[in-house]
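Subject: Handover of a structure and its findings

Dear colleague,

Please find below the structure that I am passing on to you.

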Amino acid sequence: MKFSRTLALILLFTAVYWSFTSLMPSYNPDEEVSMESFSTDRALEHVKQLSKEPHAVGFPGHEQAKSYIISELKKMGLETTTQEGYTAGDWGNLSKATNILARIKGSTKGKGLLLLSHYDSGPHSSYGASDAASGVATILEGVRAFLSENKTPKNDIIILITDAEELGLNGADLFVNKHPWAKEVGLALNFEARGSGGPSYMLIETNRGNGNLIKAFKEANPKYPVANSLAYSIYKMLPNDTDLTVFREDGDVEGFNFAFIDDHFDYHTALDTYERLDRNTLAHQGSYLMPLLNYFSTADLDNLKSLNDEVYYNLPLYKMVSYPFEWIWPIFGFAVLAFVLLLFSGFKKKKLHVADIFRGFVPVLITLIVNGLAGYFCWNIITWWYPGFKDMLHGFTYNGHTYIAVYVMFSLFVCFYTYNKFRKTSTPNLLVAPIFIWLIICGLVAQYLKGASFFVVPLLGMLAAFLVTINQEKPNPYLMVFLALPAVLIYSPFIKMFPVGLGLKMMVGATVLTTLLFFLVLPFFSQLKSKGRLAYLFLFLFFAFGITSHIQSNFNEERPKPSSLLYVYNADTDSTLWATYDNVLIDWNGQFLGDDKRKPKAETISSKYRTNLNYIADAPKKDIQLPYIDTVMDTIIGENRLIELCITPKRNVNRLEVFTNPMDITAAKVNRIALPAHFLENRGSRLITHYITNNDFTELQLEFPKDSVLELTLYEASNDLLTHPDFSVPKRPRTSIPMPFVLNDAILTIKTLRFE
């Protein structure tokens, strides 16, 4: 029996390993692939060509990326067009977007299938290999393979490579609202990235139910589906939109997102390169596209809308499992009824005792509280010990995976150690409290987070194990592991997904879920007489991974520290400053801020993740030209005042931001593009950000109450601090990269206009 338990434990750990390895295909370099099939190597060549340099809107590499995509589409014999125009989207980010379009004609006149990704990279230093050259490459290679079969699809296939996605989904906005093809789209497949590796998650975009979409996805039968209704429920609550969101909101177009999120530290940085893109991940994207392209090119795209929702999740071998929302409460009711009946049976057979059941709640509460607190304070502890990590705005460090291992090992130590102290309490009595806790969780998600209702499936396995332990003194350990398999296969990847997707601040998700998973496997663990030894094994692993994480905590050429530097000229006060967003300076920017650095006294211009400038210092004055401002119109009509300004750069600039004093702007246009009313009502102080191409002008038309006093503060920035001839800022050391998500390596001027 002892050998059986040991072997069963090995099988359990093997299942954990399998839950991760089964998610993705394996890339085999230089593998012989037919011309009719998707080749990761051929797709990689596209990634390589598209990610030679940063190619954000307005950057030199942007035009080269556009030209490359057009030439590749034309090589396939596709008639390729572009769509150009200004848009401001819903975020108040104005840019001139140039979309790339091509079309494969189908044999019928029904709705078309849209293949979607974007070709601009994140400003200003990202090479965009993953985000989203990988998506463009997946489409280019997939379309080439499809065309090689020389078959005519039933539906038109529209290829749309959008522009300015990173600035506010502008290219998608331009297409959906201004291109005639938009009304012909029946379904969209969008390929995205928020990191440089890991499995690609399928996320549905729909205004109605997902029932027909899930049914079609399962019929298309991709080999490695990684999808669950909880992930989309969480996705909908986060401020992370994709191009597909515009299609859903403005065009009522259904769609699938395919996005990978691991190695999040590379996202929007100079590390998003061809070399760092996970080849298995790119192969995973291809494994989605080809079966879906073949299926939806002939499917009826007019009947994908549904009023019914499905709970869905992926399992090895079974691929996708789904069932209707209507089953949620009946399944939950069955679980509750089964639990009550098992309690009656346990008391009747004298296997359950009230005192022992209440005693069983003690280890549950201890493990949840201790592990919950450890995970909750994880980021505070890490950044206190390593303050430089605060400058990794992603919230996920280079050694983040090791930190996950550290906290999982600690959680398992706490669980095994605590339950070893309660080893004299019989297994049936110990199981009541965890089942009760899981029933509460399943009831709450059934009510408030229906996408997570598949949580009840592993609980059914635990209830079955509870039945066995009530009726057998020494249950078969292999049976106990078998009944725990749904829990292990479903939840193990989640333990990693939470801190990877949401940052190490959400390590509490990993520690609590580890504890809850331990509860589900407790019918087997309680049989082990080696719980104490296992506890000390996990304590040893906790220290081993902890030491490893410390060794990996330094910044170097492989793990460069993000850094920032700005030169700010405030024309209102005629003052000049060096400024940085860094919490911990390096020698490179420290030489400019020096010992005289100080905290800004007032709130300064912020960036993504509400990041504000951390330090400023006096700087020598340079001759930086302000923009030319022409008041084209200033008049009063009725109760409103109308002002029209034209702001023209006098130097090469990349961005203009306009802020106002607290007041109501009743209407606004920027370069003839009207800003949405809901944006004006909820904008705060920022009015518009113009990401400038070819040093173009910015034309503002504002309408506001005539008795109001309007103040406009203009922030004009150029990303040329390191190359400007009037400055002598050296290149960063190889141990540092530009900090993403903030204005960086920039010369910034500030000018306020007042209209009384």
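The model is predicted, so local features need pLDDT of at least 70 and side-chain atom pairs count only at pLDDT 80 or more, while totals for chains, interfaces and linings use all residues. Residues are numbered from 1 along each chain as its sequence is written, and side-chain values use heavy atoms, with hydrogens and water left out.

Cysteines

A disulfide is a covalent bond between the sulfur atoms of two cysteines. It is counted here when a pair of cysteine sulfur atoms lies within 2.5 Å. The search of the whole structure returns zero disulfides. For Cys415, the closest cysteine sulfur belongs to Cys378 and is 17 Å away, which is too far for a bond. Cys415 is buried, at 0% relative accessibility; the term buried stands for under 20% relative accessible area, exposed for over 50%, and partly exposed for the range in between (1.4 Å probe, protein chains only). Cys646 is also classed as buried, with 15% relative accessibility.

Salt bridges

There are 30 salt bridges, each being a side-chain nitrogen of Lys or Arg within 4 Å of a carboxyl oxygen of Asp or Glu. Elements are named from DSSP runs, numbered from the N terminus: helices are H or I runs of at least four residues, and strands are E runs of at least two.

One of the salt bridges joins Arg42 and Glu141, whose closest N and O atoms are 3.1 Å apart. Arg42 belongs to helix α2 (residues 40-50) and Glu141 to helix α4 (residues 129-148), so this pair ties together parts that are 99 residues apart in sequence. Arg42 is partly exposed, at 23% relative accessible area, whereas Glu141 is buried, at 1%.

Glu254 and Lys305 form another salt bridge, with an N to O distance of 3.1 Å. Because Glu254 lies in strand β7 (residues 254-262) and Lys305 in the loop between α10 (279-296) and β8, the pair links parts that are 51 residues apart in sequence. Glu254 is buried, with a relative accessible area of 2%, while Lys305 is partly exposed, at 36%. Both residues belong to a network of salt bridges that also includes Arg208 and Asp252.

A further pair is Glu657 and Arg655, with the closest N and O atoms 2.8 Å apart. Both Glu657 and Arg655 are buried.

In strand β11 (residues 566-570), five of the five residues are buried. This holds for both faces: Leu566, Val568 and Asn570 are on one side, and Tyr567 and Tyr569 on the other.

Strands are taken to pair if DSSP finds at least two bridges between them. β11 pairs with strand β23 (residues 746-755) in the parallel sense, over five bridges, and with strand β12 (residues 575-580) in the antiparallel sense, also over five bridges. Asn570 has Ile750 as its bridge partner in β23 and stands opposite Ser575 in β12. A hairpin is formed by β11 and β12, with four residues between them. In its turn, Asp574 has a positive phi of about 55°.

β22 contributes the most to the lining, with three residues.

Yours sincerely
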